[in-house]
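User: I would like to go through the terms used for this structure. Please set each value against its cut-off.

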Amino acid sequence: LYGYENDAIKCEYFYNEDYGYWGGFAHSKVFETDAKKGLYENQYAAYNSQAASGDGFLLYYYDSYNEPCDIIFKDEESVVRLSSVKLNLTTYTYASITDEDINDYARVFADGDYLKVIFHAVDAFGRTVGEGAECYVVDYRDGKRFVADNWQEFYLPGILSNRVRVTIETSDIGAYGPNTPLYICMDDLTYTTI
């Protein structure tokens with residue numbers, strides 16, 4: 001199910017009918033523990049875990065070639081301060097950065113590589129404000145070997161806005177852009193209104 005909406009938030013998406021591709025947010029309840037099934041056809045699966053809250057999760061696909069898709073908080077009279085979010089890799093992304101890769105698009109991550117999710121505040125004109133909160137879901141920098149292969153909580157300091165943009169950045173970039181599949185699973189986004 002593309003996009004997501006409830007009484008408090010709306011999560012944007014796009015779908016191109018001519019070419020059959022999508023981007024932005026989708027709601028999913030799919031999980032997969034077998035990284036060998038990390039295929040594009042299994043792009044909606046969280047790796048190694050069911051939803052953190054038990055009622056599905058948001059899947060986000062970042063496509064830098066199209067207009068960005070945002071999380072919009074509907075109460076325009078209040079300002080939202082983000083607190084934290086739980087993030088997890090998709091099975092497709094996990095397979096692409098490990099030796100389980102069977103897609104042949106991305107290379108196995110090595111020293112210095114990373115995959116990070118960045119949350120940005122967005123102003124009334126649709127421009128990102130500030131540096132954003134960086135969440136390294138895979139971090140092989142400086143001798144580290146961190147992989148968010150289950151739900152991991154990340155704190156989001158300094159994000160104060162009614163509109164939030166999520167981008168994803170990888171160190172594996174080829175001639176035509178990122179090689180790593182830029183998907184992330186999100187759950188339990190916590191915030192306060194002020």
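Predicted model: local features only at pLDDT ≥ 70, side-chain atom pairs only at ≥ 80, totals over all residues.

User: How much of the chain counts as buried, and what makes a residue buried?

Analyst: Buried means under 20% relative accessible area. Of the 194 residues, 48% count as buried. The accessible surface of the chain comes to about 10,000 Å². Carbon and sulfur atoms hold 46% of that surface.

User: What share of the contacts in the chain joins residues 24 or more positions apart?

Analyst: The share is 74%, taken over contacts with a separation of 6 or more.

User: Why is Asn 42 called buried?

Analyst: The cut-off for buried is under 20%. Asn 42 has 18% relative accessibility, so Asn 42 counts as buried. Its place is the loop between strand S5 (31-32) and strand S6 (46-47). Leaving out residues up to four places away in sequence, Asn 42 touches Val 30, Glu 32 and Lys 37.

User: Why is Arg 81 called partly exposed?

Analyst: Buried is under 20% and exposed is over 50%, with partly exposed in between. Arg 81 has 40% relative accessibility, so Arg 81 counts as partly exposed. This residue sits in strand S9 (residues 80-88).

User: Which residues does Arg 81 touch, beyond those up to four places away in sequence?

Analyst: Arg 81 touches Ile 159, Leu 160, Tyr 191, Thr 192 and Ile 194. Contact here means heavy atoms within 4.5 Å. Val 164 is 83 residues from Arg 81 in sequence, and their C-alpha atoms are 10 Å apart.

User: How many cavities of 30 Å³ or more does the structure have?

Analyst: A search of the whole structure finds one. The largest cavity has a volume of about 40 Å³. Among its lining residues are Phe 14, Gly 24, Tyr 60, Tyr 61, Tyr 62 and Cys 69.

User: What makes up the cavity lining by class?

Analyst: The lining of the largest cavity has six nonpolar, two polar and two charged residues. Tyr and Cys count as nonpolar, and Gly as polar. Asp 63 and Glu 67 are in this lining, and Asp and Glu count as charged.

User: What lines the largest pocket?

Analyst: The largest pocket holds about 470 Å³. Its lining has 19 residues, with Tyr 61, Tyr 92, Pro 178, Pro 181 and Leu 182 nearest the centre. Strand S4 (21-28) and strand S16 (177-178) each give two or more residues to this lining. By class, 13 are nonpolar, five polar and one charged.

User: Which element gives the most to the lining of the second largest pocket?

Analyst: S17 does, with five residues. This pocket has a volume of about 360 Å³. Of its 18 lining residues, Tyr 4, Ile 9, Leu 58, Asp 187 and Asp 188 are the closest to the centre. Strand S2 (9-11), strand S7 (57-61) and strand S17 (183-193) each give two or more residues. The lining of the second largest pocket has 11 nonpolar, four polar and three charged residues.

Key:
Residues numbered from 1 in each chain as written. Heavy atoms only, no water. 1 Å grid on protein atoms, 1.4 Å probe; cavity = no way out; pocket = protein on both sides within 12 Å on 5 of 7 lines; lining within 4 Å. Points joined across faces, edges and corners; volume = space filled by probe spheres on them. Buried < 20%, exposed > 50% of the residue type's maximum accessible area, 1.4 Å probe, protein only. Areas by Shrake-Rupley, 256 points an atom, 1.4 Å probe, with all protein chains shown as cover. Helix = DSSP H or I, 4+ residues; strand = E, 2+ residues; numbered from the N terminus.
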